[in-house]
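Thanks for coming, everyone. Please have a look at the sequence and the model on the screen, and then I'll walk you through a few places in them.

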Amino acid sequence: MGTYINQNLLNNLFYILTSMFVYYFIYDQRKWWKTNLHQQQWLLIICTAVPLLLCMKFPIYIAKDCVHDLRQIPFLIGTLYGGWFVGSVLLFILLAVRFFFYGFQPITVAVYFTMFIIAAWASPAFRRLNRTDKLFASMWLTLLLDILVTVIAVVFFDFQIIDSYIFDFILIPPLAMLFVVYIMETLKDAIVMRSKLVKVEKMEIVSQLAASISHEVRNPLTVVKGFIQLMRSQPISKEMQERYMHIALEEIDRAETIINDYLTFAKPTPKKAEPLIVEQELERVVHLLQPFARMNGVHLVGKCQPCSIIGNNEYFRQCFLNLLKNSIEATPAGGTVTVSCYTQGEHVVVTIADTGVGMTAEQISRFGEPYFSTKEKGTGLGAMVAVKLIETMKGTWHIESEVHKGTTITVTFPEARKAEPKLDSGSKFS
Ligand code: ADP
Ligand code: MG
């Protein structure tokens with residue numbers, strides 16, 4: 001027995017396992033290559049043909065009319081996972097190489113042709129099985145195929161069974177198959193789970209944003225509802241009716257804008273970059289948040305110098321709305337939040353300084369992380385959205401903070417060159 005349990009057996013296993021790791025490694029890099037079935041099949045062919053060749057080139061044991069190696073494992077793996085097409089390419093390679101290395105043998109053709117037909121026929125059913133069933137199905141199928149082809153060999157080709165044959169051809173392959181399929185399924189699960197996780201995360205952010213949308217949209221809706229009730233309950237002049245209608249429509253527009261703003265995050269819209277007049281946009285945000293600041297007893301001050309960047313105004317507003325809202329929330333009554341912007345070299349700098357509770361080093365490092373919030377009813381999404389939008393507009397951000405003293409957030413964007421908007425305004429932006 002000692003002669004056929006040897007280093008070569010381990011080498012054979014090593015070729016097969018390594019190829020499977022390579023297969024899933026490349027499969028996992030689908031960002032680099034477009035996944036279509038055809039490419040996947042060729043990847044599988046390559047990753048099973050290589051160990052097939054290596055197993056045949058470095059067999060476990062060569063008997064008089066039989067070469068023992070684990071070639072049937074990559075062959076069966078390829079055929080079971082890939083179906084008729086992959087199987088037939090592998091069969092062709094296997095037979096061609098067998099004859100090239102060791103000469104023509106009709107018995108080899110009969111054995112592997114039988115395996116090919118049955119494995120390819122079983123392939124669709126095999127691929128539908130769940131993980132555990134796949135493991136045992138592959139093991140039993142291999143064992144049955146080995147026994148079947150042995151019977152064929154003995155009956156039709158007068159084949160002599162020796163104990164090394166039983167060991168290397170009938171006992172080892174089903175076990176090896178079990179482990180190889182186990183490893184393959186484990187690798188595949190890891191890849192699939194990871195891609196699902198990303199989706200689950202995205203869904204949760206979107207659903208959390210839905211809560212804030214409804215919150216933000218409630219105010220305009222209340223106003224509109226009030227006007228409609230007013231118009232119904234008492235007779236009013238045509239003129240007043242017009243005015244109410246006008247206000248109601250404006251409020252509806254506002255609600256629409258809010259929803260659109262949030263949707264820019266939930267579903268990235270085509271990014272239209274245009275020259276932005278920073279001080280105007282910031283003043284708008286400050287204006288929007290003035291009631292909120294008053295409610296909290298916070299002075300909200302804007303100190304803006306003229307400057308401009310290239311960006312998207314909806315992104316810009318959304319971003320600073322989130323940042324400013326945090327600053328106001330962090331500041332106790334009587335405190336001040338100051339927004340300023342100025343040009344510095346080739347950059348536009350926007351700072352938001354508050355005299356609030358401040359942040360610890362740990363909080364600063366977690367700023368922008370989804371769900372990180374120190375507030376009882378916080379979503380932990382505002383900063384994340386803001387950071388994402390700053391990056392979209394090619395900006396950078398920096399936080400300086402001292403606990404109980406206050407926080408200053410500095411956002412830096414590349415300045416829009418004076419000539420650029422003019423050049424582009426003729427073609428792209430108007
Ligand atoms: P939320 O406002 O829902 O808590 P955010 O993502 O907007 O979530 O903010 C995350 C966390 O960052 C806040 O809970 C707060 O602890 C911290 N934070 C953000 N801005 C400031 C600030 N100006 N001062 C102090 N803490 C801040
Ligand atoms: Mg917030």
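**A lysine and its surroundings**

Let's start at Lys134: apart from its neighbours within four places in sequence, this residue is in contact with Tyr81, Phe126, Arg127, Leu129, Val181, Glu185 and Lys188. By contact I mean heavy atoms within 4.5 Å.

Before I go on, some housekeeping. This is a predicted model, where local features need pLDDT of at least 70 and side-chain atom pairs count only at pLDDT 80 or more, while totals for chains, interfaces and linings use all residues. Residues are numbered from 1 along each chain as its sequence is written, chains are lettered from A and ligands numbered from 1 in the order in which they are written, and side-chain values use heavy atoms, with hydrogens and water left out.

Back to our lysine. Lys134 sits in helix α5, which covers residues 131-157. Helices here are DSSP runs of H or I with at least four residues, strands are runs of E with at least two, and both are numbered from the N terminus.

Is Lys134 buried or exposed? Lys134 counts as buried, because its relative accessibility is 5%. For these words, buried is under 20% relative accessible area, exposed is over 50%, and partly exposed is in between, with a 1.4 Å probe and protein chains only.

**Salt bridges**

Which side chain does Lys134 meet in a salt bridge? That partner is Glu185, at 3.5 Å from N to O. Glu185 belongs to helix α6 (residues 163-233) and Lys134 to helix α5, so this pair ties together parts that are 51 residues apart in sequence.

How many salt bridges does the structure hold? There are 10.

Arg366 takes part in salt bridges with Glu362, at 3.8 Å, and with Glu369, at 2.8 Å, both N to O. Arg366 and Glu362 are 4 residues apart in helix α10 (residues 361-366), so about one helical turn separates them. These side chains are partly exposed: Arg366 at 29% relative accessible area, Glu362 at 47% and Glu369 at 35%.

**Around ligand 1**

Now over to the ligand. Of the 19 residues around ligand 1, the ones that come nearest are Asn326, Ser373, Thr374, Lys375 and Thr379. A residue is near a molecule or strand if one of its heavy atoms lies within 4 Å of it.

Which elements supply at least two residues each of this shell? They are α9 (313-330) and α11 (382-392), and α9 gives the most, with 4 residues. By type, the shell divides into 6 nonpolar, 10 polar and 3 charged residues. In that sorting, Ala, Val, Leu, Ile, Met, Phe, Trp, Tyr, Cys and Pro are nonpolar, Asp, Glu, Lys and Arg are charged, and the others, Gly among them, are polar.

A polar side-chain atom of Ser373 lies 2.6 Å from an oxygen atom of ligand 1, and one of Lys375 lies 2.7 Å from an oxygen atom of the ligand. Thr407 has a polar side-chain atom 3.3 Å from a nitrogen atom of ligand 1. Taken alone, ligand 1 exposes 540 Å², and the protein buries 95% of that. Accessible areas come from the Shrake-Rupley method with a 1.4 Å probe, and for residues only the protein chains shown count as cover.

**Two loop residues**

A word on backbone angles. Most residues other than glycine have a negative phi. Lys394, in the loop between α11 and β8 (396-402), has a positive phi near 60°. His404, in the loop between β8 and β9 (406-414), has a positive phi near 70°. Lys394 is exposed, with a relative accessible area of 67%, and His404 is exposed at 70%.

**The whole chain**

To finish, let's zoom out. The protein chain has 12 helices and 9 strands, and 41% of its 430 residues count as buried. Among contacts between residues at least 6 apart in sequence, 75% join residues at least 24 apart. The chain's accessible surface comes to about 24,200 Å², of which 63% belongs to carbon and sulfur atoms.

Methods
Polar contact = N/O pair within 3.5 Å; in protein donor to acceptor, adjacent residues only side chain to side chain. Salt bridge = Lys/Arg side-chain N within 4 Å of Asp/Glu carboxyl O.
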